[in-house]
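Please look over the structure below before reading on. The report takes it site by site.

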Amino acid sequence: MNAKATVDRDFAIGKIDPRIYGSFIEHLGRVIYGGIYEPLHPRADANGFRRDVIDVVKELRVPLIRYPGGNYSSSYDWRDSVGPVAERPARPDLAWRSLEPNTFGLDELDRWSKELPAGVLMTLNMGTQGLREAIELLEYCNLPGGTSLSDLRRRHGREKPYGIKLWCLGNEIDGPWQVGQKSAAEYGRLANETAKAMKLLDPEVKVCVCGSSFLKMPTFPEWEQTVLDLCYDNVDYLSLHTYCRNERAERSAYLAEPVGMERYLETALGVCDRVRLKKGAAKRLDVSFDEWNVWPRARESDRDRDPWQVAPPLLEEAYTTEDALVFACMLNVLLRHAERVPIACLSLLVNALAPIMTETGGAVWRQTTFYPFKYACLYGTGSSLRLAVDGPVYEDRVFGSVPFLDASAAYDSARGEIAVFLVNRSDASAIDLELALGRGEHAELIEHVVLESGDPMAGNDAGSPGRVVPRRKDGPSESVGGAFRLSLPAFSWNMIRLAL
Ligand code: AHR
C-alpha cells in the first residue's frame, strides 16, 4: 500500500499543554495497594512508596495525577483519608465492592505526586455527598489556617496548604453504575452551585464538569446541553471519558473504535460552542479527557471474586500489540485536538488497565501500551501540527471509512524537531510512505522507532517483560527533494523524528 503525508511546521493546530499526558490512580484493585504503595516491599521507601515503580513512572514524565476515582469517588468520604493513619477507618467501597483500609490518603497522595513531580486533579464525591463536603475538603486542602478545617490539617502535621487547584465535580454521574447517579438537570444545578461556592472560597480553582461517560450513552449529547445550560459560566472544562473495547471481536472493528472517540469529542465540543453562542459568552469551554484507554476484555472473572477484600486484582488487562495500536490511535485523536484538549488522563497508571504492572512483593514491568505513551510524552511536545494525509481506507459497518494510516504530529521549536506518530492499521500489508515536508524544507531523520510483533496478540508479562518493545529502524538519513520514503511495517506503531 502507498500513502503520502505532508507535514508543515507552520500549520499548527495549537499548543500542546503538557497536562495532556496526565494519568490516574484510583482506589481500585491493586492500583495503589500493591502498586504504587507497598510498605513491605523490598524496594519500598520510608513512606511505603515503591521506588521501583516511581522509577518507571518517571520515564513517562507524567505531569498530572487524577485521584481518588473514578467510580470510587462517588461514595468515599474524604475525612476517612486524613489524619493519623492508625486512626483512619476501614470502609466498604461500594464502587468495586472492596475493603478500603485508608492507609494511603490525601497526605500520602501529596507526597507521592511530589516525587514525580506531578500536579493533582482531585475528584469530588457528587454521588453520596455534594456541595457542603466539597467546600469542606477545599478548606482543608487550600486555606492557610485560622479556620476549623485548615487548622485540622495543621494539627494533622501539614502546616502548608496542599494547594490543589484542579477539581472534577464528580465522576460519570450520568451512568447507572454510579453510586448517586443523577439526571442532567439535577447534576447541572449541583455542579453550578458547587463550582460557584468553591470559587468563592478559592478563586484560583478550576473545575471540570461531567460530560457523558462515553459515546454510546443514550443521553449523549443532550446531557451536555442540559448540564452546560445550567453551569456554563461557573465551570472551566468538560470532562469526557472513552475506553475503546473490542466488543465486535473483530480486529478491523476494534481498530476503528478511535474514530468513535474522535466523533464523540468533536460532537461534545460542538455542544460547548453552541451553549457559548447561546449565552453570548466570551469564555470558550475546552475538554478534560480525564479517562481514556483501551479496555478490550470484559474481565467477567472479576465479578466472581468475594467482596470486601483489600486490593484484589481487578481489571488487570494483559495488553497485546493490537491493543497498543488502538491505544496509539487514541493518542493521535488527543494530539489532533490538542488546542481544545488541554488535559487528559490515561486511565489508569499501575496494574488496572495500566501501562505499568507489578507483582505484589515482586517485579515491575512495562506493557505494550507503555511505549506509544512514553514516546508521545517525550516528543509530542510544542505545537500539534495539521497533517495532510492521502492513503487507502477500509469500510467499517459502524464508523464508515477508516484510514489504514492514522497520524498526528508535533513541532517543538525549542528542539527544532518534528515528531510524527503513525499507526499502520493493516495486519496484511506494509505502507510505503512518502513523508513530505511543507515548502520542500530540508530535514534530517533523527530516528524511526517501530513497535510491532509477528503476533498481533503478543504482549509482555513478568516472565517476558521484553517480548514486545520498540526498536530503531533503518531509514534514509535525510530528505531528498523535500521528502522521505519510509516503510511502515504491517500492523505497527511508528515514531519519526526529524531535525529541521
Ligand atoms: O477506570 C475504571 C473506571 O472506569 C472508573 O472508575 C470509572 O470512572 C470508569 O467507568
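## Serine 239

Serine 239 counts as buried, at 6% relative accessibility. The model is predicted. Strand β10 (residues 237-244) holds serine 239. The side chain of serine 239 makes a polar contact of 2.8 Å with the side chain of aspartate 290.

Beyond four places in sequence, serine 239 touches Cys208, Val209, Cys210, Gly211, Ser288 and Asp290.

## Ligand site

Which residues surround the ligand? They are Glu26, Leu28, Gly70, Asn71, Trp96, Asn171, Glu172, Tyr243, Glu291, Trp295, Ser347 and Leu348. An N or O atom in the side chain of glutamate 26 is 2.7 Å from an oxygen atom of the ligand. For glutamate 172, a polar side-chain atom lies 2.7 Å from a ligand oxygen. For serine 347, the distance from a polar side-chain atom to a ligand oxygen is 3.1 Å. The ligand taken alone exposes 280 Å², and the protein buries 95% of that.

Two cis peptide bonds involve residues from this site. One joins glycine 69 and glycine 70, with omega about 20 degrees. Glycine 70 surrounds the ligand together with others and sits in the loop between β4 (64-67) and β5 (91-93). The other runs from serine 347 to leucine 348, with omega near 5 degrees. Leucine 348 is placed in the loop between β12 (343-346) and β13. Most peptide bonds are trans.

## Nonpolar core and domains

The largest nonpolar core has 167 residues. Trp167, Phe289 and Trp292 touch the most other members. Helix α7 (residues 251-279) gives the most to this core, with 12 residues. Domain 1 (17-379) and domain 2 (388-499) both contribute residues, so the core lies between them. Tryptophan 292 shows contacts in detail. Leaving out residues up to four places away in sequence, it touches Thr242, Met261, Phe327, Met330, Leu331, Leu334, Ala344, Cys345, Leu346, Ser347 and Phe373. Serine 347 in that list also belongs to the ligand surroundings.

The domain assignment gives domain 1 (17-379) and domain 2 (388-499). Their centres, taken over C-alpha atoms, are 30 Å apart. At the contact between them, 35 residues of domain 1 meet 40 residues of domain 2.

How many residues of helix α9 (residues 370-379) are buried? The count is 10 of the 10, so α9 is largely enclosed by the rest of the structure. Among them are Phe370, Tyr371, Phe373, Lys374 and Tyr379. Phe373 is also touched by tryptophan 292.

In α1, the buried residues are Asp52, Val53, Ile54, Val56, Val57 and Leu60. These pack against α2 (106-115), β13 (356-358), β14 (364-366) and α9. An α-helix has 3.6 residues a turn, so residues three or four places apart point the same way. Just after α1, arginine 61 takes a positive phi of about 50 degrees.

## Glutamate 38

Glutamate 38 is found in the loop between β3 (22-24) and α1 (51-60). Is glutamate 38 buried or exposed? Its relative accessible area is 9%, under the 20% cut-off, so glutamate 38 is buried.

The side chain of glutamate 38 has two polar partners listed here. One is the side chain of arginine 50, in a polar contact of 2.9 Å. The other is the backbone nitrogen of glycine 361, which lies 2.7 Å from a polar atom of the glutamate 38 side chain. Residues touching glutamate 38, beyond four places in sequence, are Ala44, Gly48, Arg50, Glu359, Thr360 and Gly361.

## Positive phi and a strand residue

Most residues other than glycine have a negative phi. Leucine 315 lies in the loop between β11 (286-294) and α8 (321-336) and is buried, at 6% relative accessible area. Arginine 439 has phi near 55 degrees. The loop between β21 (431-437) and β22 (444-451) holds arginine 439, which counts as exposed at 60% relative accessibility.

Valine 389 sits in strand β16 (residues 388-390) and is partly exposed, at 39% relative accessible area. Apart from neighbours within four places in sequence, valine 389 is in contact with Lys4, Ala5, Leu405 and Ala407.

Terms used:
Residues are numbered from 1 along each chain as its sequence is written. This is a predicted model: local features need pLDDT of at least 70, side-chain atom pairs count only at pLDDT 80 or more; totals for chains, interfaces and linings use all residues. Side-chain values use heavy atoms; hydrogens and water are left out. A nonpolar core is a set of buried Ala, Val, Leu, Ile, Met, Phe, Trp, Tyr and Cys residues joined through side-chain atoms within 4.5 Å. Buried means under 20% relative accessible area, exposed over 50%, partly exposed in between (1.4 Å probe, protein chains only). Helices (H or I, at least four residues) and strands (E, at least two) are DSSP runs, numbered from the N terminus. Domain bounds come from an automatic or database domain assignment. Contact means heavy atoms within 4.5 Å. A residue is near a molecule or strand if one of its heavy atoms lies within 4 Å of it. A polar contact is a pair of N or O atoms within 3.5 Å; within protein, one must be able to donate a hydrogen and the other to accept it, and residues adjacent in sequence count only if both atoms are side-chain atoms. Accessible areas come from the Shrake-Rupley method with a 1.4 Å probe; for residues, only the protein chains shown count as cover.
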